[in-house]
Structures are given as C-alpha cells and as structure tokens.
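Here's a quick tour for anyone meeting this structure for the first time. Have a look at the model, then read on.

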Amino acid sequence: MIYITEEQIQNIVNMPMALDVFRQAYIDNTKELIYTGGRIVMPIIDVENSGQWLTAISKSQPYFGSKFSSVFPGNLNKGLPSVMSTISLYSTETGELKALLEANYLTAIKTGGSAGVATDVMARKDASKLGIIGSGLQAFTQVLAIQEVRDLEELHVYDIKPEYVEGFIERIKKVQNRPYKIIAEPTADACVAASDIICTCTTSHTPVFSAKALQPGTHVNAIGSFTPYMQEIEDEVVVMSSRIITEHVDGLWAAAGDVIIPVEKGLVSKEKVVGSVGDVLVGNVIARENDTEITLYESVGSCVLDVAIAIASFEEITK
Ligand SMILES: NC(=O)c1ccc[n+]([C@@H]2O[C@H](COP(=O)([O-])OP(=O)(O)OC[C@H]3O[C@@H](n4cnc5c(N)ncnc54)[C@H](O)[C@@H]3O)[C@@H](O)[C@H]2O)c1
C-alpha cells in the first residue's frame, strides 16, 4: 500500500487533465463500466457536523474505492478546513488496499471539474459572466474548471463573510487563464443578476440568493447542499429551471434537499430531473434547447468521479 499526500497530488493533477478524466468517467458510468455503491451520512454529535462514506467500483480498471469526508463547518473558526477527505483504493483482483490518498484537493478538483463538465454541456455557448457565491475551496475550483470551458470576461464573487472575498480574489488572480475582470459583489442577488453562470458553493442550510434575481438563460450549478434537509437554492429556482441534470440520479434523490424539498411540496414533478451529465455526453438527454431557459446542475458528489481521479493519480504516480 502506498500513501499519497496532498502535495504529490497537486504536482500531478491539474484541471485540464481532470476534466478529461471526468468526461470519460461520466461516459463509462452510463455504460456501467464504473458505478457507485451506497452512501452513508452520519451526523456527528451535533447537527452541523457529519461524516460521509461514498463508494465506487470500476469494471474497466482493476480497482474499487471509498471516500470518507468529514464535514465540520465550524472548523473554519479553528483554522482548519471545513471538509476533510481521504480515498482508499483497493484491488478488484485481491481486495488489497493499494493506496490511501489524502483527498482534500482531489475532492475540490472533482467538485469543480464535475461542474465544469456540466457547465460545458448545459450553459449557453456565449456565457462569459461567472457568478460565485461562497469563496471557499470548492468556489476556487469552480472557477478553475469553468474558465476552461467558457471564455470568461467577468467573474462576480459574493460571500456572506466579505473579509474572505479579498483573499479569494488574490488566489484567483494567480490562476486565471485570461484577463477577465473580477468584481466583489455587495449582495448575492447582485452577483446573480450580473452572471450567465452561477455557482453556489456555501455551507449554508438555507437559500443563498433570491430566484427573482436570475436572468433568462442562466445556468446554475448548485454545489453546497448534501443532505435531504439542506436547501442552498430557493424552491422557485427549481420551479423556474427547465431541466435538472446531476452526477448520478439515485444520488440526487438520496441527498439533494434543493430538489427533494420542492418535489415533496408538489411544486415540481420528479421528471424535471432528466438524467446525468453522462446521459448528456452519450446523447441520451438534451441539456439545453434554447438560450432563454434556466438550467440547473444539482451536484451531490459522486464517488465515480472520486475513484476515477484517484485511479488516474495512482497510475501516474506508480507508472
Ligand atoms: N457537491 C459536491 O460534490 C461537494 C463536494 C465537496 C463539498 N461540497 C459542499 O460544498 C460546500 C462548500 O464547501 P467548501 O469546502 O468550499 O467550504 P468552505 O467552508 O471552504 O467555504 C464555504 C464558504 O461559504 C460561505 N458562506 C456560508 N454561508 C453563506 C451564505 N449564505 N452566502 C454566501 N456565502 C456563504 C462561507 O463564508 C465560506 O466562505 C459545503 O457544504 C460542502 O459540503 C459539495
């Protein structure tokens, strides 16, 4: 068994490589060449904190794996990350543990990359204004990924803690791939109203922007909510969306309060969830029909992508 550190991962995994791995994993997932097992979410001591276990197995490569993440939002006040993850990669031939990977960076790359692939197939081709709500680790990789799939002209940023935004902008300036303008917004709604693509990447359990701020033709990536009880976007955003796509449809019905709650209220039908990003990539479903509809990518995390990028990292390090 080898132990792979965050530093080793950061030296070999970059966003363009990760986007290629995720596109292929999404396609393989629709062919059942890689698929997820179960998911366990365990509240830890108080409602804010949880532990989550996700699993996946590949049939085209000799590995299966699990990812464990602790989600402790209060850690930010202790100078620690709010989400901490590790991936265990096992051999499908012997069951041996082949590698244990520190996976905070990989998780963030996965979350950004999955939204990057979704944005590529769902957003308007001319979308050039990206709005980011939340300015933590996931927000950073949303920008890394989306700047690879659209030619950005403006990046709008809002965080409930304005003191985080300046540092975030400084970090983005070091990695931006073209000279787009970066604007700190005073409110979430101002951020939404100015953007063609919105990413919500917060730890909030309640909606972070008002649906009426959304412009026609906007694509929304809802990233932060991960339990059936959390809602990072208003019911009305789901109602206004023409279609919803996710990483994995069963995973959405297990975890996405953003969609589960308006469906349970009878505001929208389940059929609004038309499929996975993989379904779009292989041509089973259409992601967008015109430039005025609002589209929603509801991300709940899929261990398929975690295991796919862990395999790619392991094979790169051991080749
Ligand atoms: N979908 C996925 O695959 C996936 C993967 C990893 C993490 N997540 C989730 O994404 C969320 C963000 O993760 P992170 O690692 O970036 O966390 P983080 O703690 O680094 O950043 C969260 C940011 O959101 C801000 N925030 C909180 N409430 C807000 C509000 N109402 N309006 C605006 N900003 C607000 C915080 O101030 C903070 O800057 C978490 O809930 C996490 O569980 C999802």
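## A strand and its partners

In this predicted model, I245 has G275 in β13 as its bridge partner. That contact belongs to a parallel pairing: β12 and strand β13 (residues 273–276) are joined by 3 bridges.

β12 also pairs with strand β14 (residues 294–298), again in the parallel sense, this time over 5 bridges.

## Tucked inside

Is strand β12 (residues 241–246) largely enclosed or left open? Counting residues settles that: 5 of the 6 in β12 are buried, so the strand is largely enclosed by the rest of the structure.

## Around the ligand

Now over to the ligand. It has 29 residues around it, and the closest are G134, G136, Q138, T202 and G301. Two elements each give two or more residues to this shell: α3 (104–122) and α4 (137–149). Which of them gives the most? That's α4, with 3 residues.

So what kinds of residues are in the shell? Sorted by class, there are 14 nonpolar, 13 polar and 2 charged residues around the ligand.

Terms used. Residues numbered from 1 in each chain as written. Predicted model: local features only at pLDDT ≥ 70, side-chain atom pairs only at ≥ 80, totals over all residues. Near = placed C-beta within 6 Å. Helix = DSSP H or I, 4+ residues; strand = E, 2+ residues; numbered from the N terminus. Nonpolar A, V, L, I, M, F, W, Y, C, P; charged D, E, K, R; others polar. Buried ≥ 20, exposed ≤ 12 C-beta atoms within 10 Å, placed from the backbone. Pairing = 2+ DSSP bridges.
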